[in-house]
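This briefing is for a reader meeting the structure for the first time. Please look over the sequence and the model before reading the points below.

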Amino acid sequence: MRGKRWPYIMTTSALLAGATLLLSVGPTGAGSPWGADYFPNVPLIQDGATVHLYDDLLKGKKVAINLIYTSCKDECPLETARLVQVQQLLGDRVGKDLFFYSISIDPQRDTPAVLKAYAEKFGVGPGWLFLTGKEDDIKLVAKKLGLTRRRDALTRDGHSASLMIGDVAGGQWMRNSAVDSPRFLATTISNFMGWKNRQPGRSYTEVSGLPTLDTGAYVFQSRCSACHTVGKGDTVGPDLAGVTTRRERSWLVRYLRAPDQMLAEKDPIATALSAQFKNIAMPNLRLSDGEIAILLSFLEAQGR
């Protein structure tokens, strides 16, 4: 699940077995092997309507695609929460210049209604479709898009937390981690698509001083900020302001170490939090004991 964080910009001349890479092959015009003849035009379902993979979702478009399933207890909620932040950073480009697609790998449970409710839980905006379909069709789509790997069956989620970014008309594709920093992903997508930054940068003369490294702030921003704030209100998860005074430290340590296990054990606080926040699972971030201590110290300092 936690492969290399640096994006792969694909320039190979053949698709490797297992579809771990896609290609940079130039325009997908007549005679190109990576257009309609490569991508299966299988039907998928979006909010009850049938769409076709190539004709309706890919042809001539710029896209960002990942795999999810709504009962996932590990990376999927974090993927979705972080991609919501990416969508917000990209603004009105999403749905106009770029289209987000999340494809369920559990079509038996993930009906259009279930996927719609899941998107609403996370506050997904326009230009992002949640798709389901026949299981065999989805497996084929995932393979062709390079979203499956041989070792996926060994992961907790049964798939990798990958985000495939593609300029279909230009034949350019790149893979990133879907759980990477939202700002990094938004910048990477913008650079890949050749979009100019709409906001002018500040001169170094406007900066009052060099930034200092705050390890606790870094852990919070990189691991927690997709779902939580400190003092700015509830979002996907609860506002963490004052959490170190509301909860016993031993409970916080256990919960940060293995929230999935505590929920499975029906811990009353974990169960109540899950119910309060629309049954969105707190993912197991696999924080080390050191990271947990640093994070709790940071939250305590924010309280003071």
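The model is predicted. Its largest nonpolar core has 57 residues, and another core, of 24 residues, lies apart from it. By the pairing rule for rings, the count is nine aromatic pairs. A search of the whole structure finds zero disulfides.

**Nonpolar cores**

- In the largest nonpolar core, of 57 residues, Leu90 and Phe100 have the most contacts inside the core.
- Helix H2 (residues 75-90) gives this core its largest share, which is seven residues.
- Leaving aside neighbours within four places in sequence, Phe100 is in contact with Ala64, Leu83, Val86, Gln87, Leu90, Val94, Gly127, Trp128 and Leu129.
- The other core, of 24 residues, lies apart and includes Phe39, Leu44, Val51 and Tyr54.
- As a general point, nonpolar side chains in soluble globular proteins tend to be buried together.

**Aromatic pairs and cluster**

- The number of aromatic pairs comes to nine.
- One of them joins Phe39 and Trp173 in a tilted arrangement, with 5.8 Å centre to centre and 45° between the planes.
- This pair links distant parts of the chain, as Phe39 and Trp173 are 134 residues apart. Phe39 is in the loop between strand E1 (8-9) and strand E2 (43-46), while Trp173 is in strand E8 (residues 172-177).
- Both Phe39 and Trp173 are buried.
- Trp128 and Phe130 form a stacked pair, with their centres 5.3 Å apart and 20° between the planes.
- Trp128 and Phe130 are both buried as well.
- One aromatic cluster is made up of Phe100, Tyr118, Phe122, Trp128 and Phe130.

**Charges over rings**

- Lys61 lies over the face of Phe99, 5.6 Å from the ring centre.
- Arg247 has its charged end over the ring of Trp251, at 5.8 Å from the centre of that ring.

**Cysteines**

- A disulfide is a covalent bond between the sulfur atoms of two cysteines.
- Cys72 counts as buried because its relative accessibility is 3%, and Cys76 is buried with a relative accessible area of 0%.
- Cys224 is found in helix H6 (residues 215-224). Cys224 counts as buried, at 7% relative accessibility.
- Not counting residues up to four places away in sequence, Cys224 touches Arg82, Val219 and Leu295.
- The C-alpha atoms of Cys224 and Gly237 are separated by 9.6 Å, and these residues are 13 apart along the chain.

**Asn66**

- Asn66 lies in strand E4 (residues 62-68).
- Is Asn66 buried or exposed? Asn66 counts as buried because its relative accessibility is 2%, and the cut-off for buried is under 20%.
- The side chains of Asn66 and Glu79 are joined by a polar contact of 3.0 Å.
- Not counting residues up to four places away in sequence, Asn66 touches Glu79, Leu83, Tyr101, Ser102, Ile103, Leu147, Ser162 and Leu163.

Note on methods. Residues numbered from 1 in each chain as written. Predicted model: local features only at pLDDT ≥ 70, side-chain atom pairs only at ≥ 80, totals over all residues. Heavy atoms only, no water. Phe/Tyr/Trp six-rings, centres within 6.5 Å; stacked < 30°, edge-to-face > 60°. Helix = DSSP H or I, 4+ residues; strand = E, 2+ residues; numbered from the N terminus. Buried < 20%, exposed > 50% of the residue type's maximum accessible area, 1.4 Å probe, protein only. Lys NZ or Arg CZ within 6 Å of the ring centre and 35° of its normal. Core = buried A, V, L, I, M, F, W, Y, C linked by side-chain atoms within 4.5 Å. Contact = heavy atoms within 4.5 Å. Disulfide = S-S within 2.5 Å. Polar contact = N/O pair within 3.5 Å; in protein donor to acceptor, adjacent residues only side chain to side chain.
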